[in-house]
Every structure is written in structure tokens, then in C-alpha cells.
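This report looks at salt bridges and strand pairing. Please keep the model in view while reading.

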Amino acid sequence: MSSSPPASVFAVDVRPGKPPVLRAGAPGSAASPAGSAAGSAGSAAGSAAGWAAEHRDSLRAIVAEHGCVLVRGLGLSDADEAGAVFRRLAGSLMTEREAFASRRTYADGVYSASKWPANQQMCMHHELSYRVEFPGLLLFACLAAATAGGATAVSDSPAVLQALPAELVARFEREGWVLVRNYNEDIGASVADAFGTDDRGAVESYCRANGIGFEWQPDGGLRTRQHRSAVLRHPLTGQRCWFNQIAFLNEQTIDPEVREYLVDVFGADGLPFNTQFGHGDPIGEDVVQLLNETYEAHTMREPWQAGDLMLVDNVRTAHSREPYQGPREVLAALADPVRLADCAPTVEVAV
């Protein structure tokens with residue numbers, strides 16, 4: 001097997017408004033996974049997993065340079081093949097904890113995309129940004145593309161940070177943000193979905209170890225509160241990044257009719273999730289709208305094609321899922337765990 005070429009010899013297509021695209025097997029890029037040589041990159045290993053192993057360092061270099069890359073032409077067709085590619089690119093995969101929505105598990109560390117209504121936007125966010133340990137790398141594989149919509153769009157978080165009003169950024173740096181969650185069997189992720197167990201003692205031990213305040217409700221539900229930094233420094237580059245889920249997990253992102261129903265049934269404090277300023281003040285619709293408009297101004301999107309692979313630096317790059325029609329099957333994996341403490345957080349983690 002030939003050694004991987006440096007990232008600079010890949011034919012990475014970089015265009016405004018689109019994520020960088022690498023066409024596996026295209027002239028001037030890496031060899032195709034079917035084993036045909038292309039350009040000066042040398043031959044591949046005869047499979048998508050072999051191709052990924054051969055070109056791992058180059059793909060990771062592209063992600064380090066651009067924050068993400070969409071790889072087209074691998075022909076990924078099932079969960080076993082996608083999982084094999086994920087493991088070649090990332091080594092060990094993370095087990096998800098504190099999920100905000102349920103997923104299907106295909107294999108250890110290989111999941112479906114988060115279950116979210118197809119007709120609703122999944123706003124820009126950084127996966128598990130409210131944890132004290134979160135993935136540094138996300139991997140996605142498209143097995144079936146939607147007939148319309150459904151792109152996994154991306155946005156550069158340093159650019160978003162630079163574009164936000166300085167006074168708002170200063171407040172979030174000073175105060176951080178708070179995520180309040182309510183777990184029950186009726187809405188959102190259940191306790192078992194989020195913590196991998198419904199044993200109260202185990203859940204409480206996890207919360208204490210991970211800076212999460214908790215309170216069991218009279219009906220058996222669980223309410224949690226976690227205080228986190230909104231701006232971090234990238235663990236490798238030191239670049240300041242807008243890193244949070246303030247807009248996505250705010251009550252304003254819930255469909256108005258659904259929110260009204262949930263408030264009627266569970267009360268204003270019983271929504272499955274909501275975000276606040278670090279000192280507990282509510283985050284208004286105007287702030288959520290500003291954040292989403294700023295993300296949109298820096299959004300890059302490319303429709304999925306069946307067989308595609310995407311790698312995303314989870315700290316530098318936010319991602320979203322756009323509304324869609326028709327069947328859509330996208331698999332996901334979380335990798336390269338990063339400790340919040342290693343990213344120069346601006347607020348102290350405390351229960």
C-alpha cells in the first residue's frame with residue numbers, strides 16, 4: 001500500500017457557500033475505493049474502509065485546514081461499511097451520553113442521526129457542547145439521501161464569533177450559558193436515553209461527576225441544570241470558537257404550537273430543554289433570532305448524495321440538519337474526545 005499523499009495534492013473543491021468537497025477517484029485526488037489509480041495518489045485498498053485507512057492522515061489534515069470535508073464517491077451502502085470507515089478514520093468511537101434526542105444504535109459508537117421531525121429545522125449547534133467531555137470529531141455517512149432538503153449544513157464558529165455583537169459575546173464570555181432539561185417518558189430523550197441507565201443512584205453519580213445539578217420531580221421525572229462556557233479555545237490551535245447550543249436548545253426553537261401544548265401540559269418550567277444566560281436571565285427571542293441569522297450568514301451547504309462521507313471538526317464547525325422530504329438515512333459517530341478543561345473555559349464548572 002502506498003503512503004498517503006499530503007493534503008495539498010487532493011483535488012479539494014472549495015467554493016463559497018459550500019463545504020469543501022473531495023471527490024474520491026477524481027483526477028488529482030486520492031485513488032477511488034474500487035482500487036483504480038487516479039492522478040499521483042497511488043492505488044487504494046479495494047474497499048471504502050481500506051481507502052479510508054490509506055488516506056486517513058490526509059483527510060484529517062484537510063479537516064484541520066478547513067474545519068470539515070465532504071467526501072464523495074465512496075459508495076457507502078450499509079451500516080457495517082460505514083462503521084468500518086468511521087473506525088479507520090477515528091480509531092475508537094465514543095458512546096453518546098446526555099443525548100438531547102434519541103438515536104438508533106447500529107453498532108458500538110455507530111448511530112442514526114438524532115430523531116427530529118423531518119419538517120423542522122435542526123438549528124446550528126456543536127454536538128454535546130454542554131458536556132464536560134465532548135467529541136472533537138464528528139463523522140457522518142449518507143446511506144439514503146432525501147428527495148428534497150435534508151442537508152447537513154455547516155458553519156465556521158470563529159467567523160460566527162467575530163460577526164456577533166461584541167457586547168453580547170462579552171456577556172456570554174463573562175456569564176456563560178445554562179441548559180435546563182426535563183426528562184420524562186413523554187417528551188424528548190428519556191433518562192435511559194441520556195444516561196444509559198435509569199438507575200437513580202447511577203444517574204446521580206454521573207451528574208455529580210460531570211458538573212450537573214439535578215432534582216427528581218414528584219412524578220418521577222428528572223430536572224437537570226448545567227452551567228457551561230459559550231466561547232472556548234480550540235484544543236489544538238487555540239483559536240477562539242463560539243461553541244454552544246444556546247440557540248438550538250432554547251424554547252424559541254420549538255414549534256410554537258408544540259411549545260404552547262407542552263407549556264399547557266407540563267408548565268413553563270417543564271419543557272424538555274431551555275437555555276438561559278449564565279446568571280439565570282431568560283434568553284429572549286431577539287437573541288435567538290440574532291444567533292440563527294448570524295449562523296445563516298456563514299452557512300455552507302451541499303445536498304447529500306447516497307454514499308457520501310463527511311468529517312466535521314466539532315469545535316471549530318457547527319452543523320445543522322435542514323428540513324426534508326422522502327426517506328433519509330444518515331449515520332453518525334462521535335470521536336476524538338475533548339475535555340472542556342483543556343479548552344480555556346471562561347466560566348467554572350460547578351453544580
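A residue is called buried when its relative accessible area is under 20%, exposed when that area is over 50%, and partly exposed in between. The model is predicted.

## Salt bridges overall

The count comes to 16 salt bridges. The network links Lys18, Arg72, Glu302 and Asp308.

## Glutamate 127 and arginine 103

Glutamate 127 forms a salt bridge with arginine 103, at 2.9 Å from N to O. The two residues belong to distant parts of the chain, 24 residues apart. Glutamate 127 lies in the loop between strand S6 (122–125) and strand S7 (133–144). Arginine 103 lies in the loop between helix H3 (79–90) and strand S4 (105–107).

Is glutamate 127 buried or exposed? Its relative accessibility is 4%, so glutamate 127 counts as buried. Arginine 103 has a relative accessible area of 16% and is therefore buried too. The cut-off for both is under 20%.

## Aspartate 156 and arginine 316

A second salt bridge joins the side chains of aspartate 156 and arginine 316, at 3.1 Å from N to O.

## The four-stranded sheet

Which strands make up the open sheet, and in what order? There are four, running S6-S18-S9-S16, with antiparallel pairing. S6 and strand S16 (299–300) are the edge strands, and each pairs on one side only. S9 and S18 pair in the antiparallel sense over three bridges.

Strands of a sheet pair through backbone hydrogen bonds, either parallel or antiparallel.

## Arginine 56 and aspartate 57

Arginine 56 forms a salt bridge with aspartate 57. The closest N and O atoms are 3.5 Å apart. Which category does each residue fall into? Arginine 56 has a relative accessible area of 28%, so it is partly exposed. Aspartate 57 reaches 55% relative accessibility and therefore counts as exposed.

How values were computed. Residues are numbered from 1 along each chain as its sequence is written. This is a predicted model: local features need pLDDT of at least 70, side-chain atom pairs count only at pLDDT 80 or more; totals for chains, interfaces and linings use all residues. Side-chain values use heavy atoms; hydrogens and water are left out. A salt bridge is a side-chain nitrogen of Lys or Arg within 4 Å of a carboxyl oxygen of Asp or Glu. Buried means under 20% relative accessible area, exposed over 50%, partly exposed in between (1.4 Å probe, protein chains only). Two strands pair if DSSP finds at least two bridges between them.
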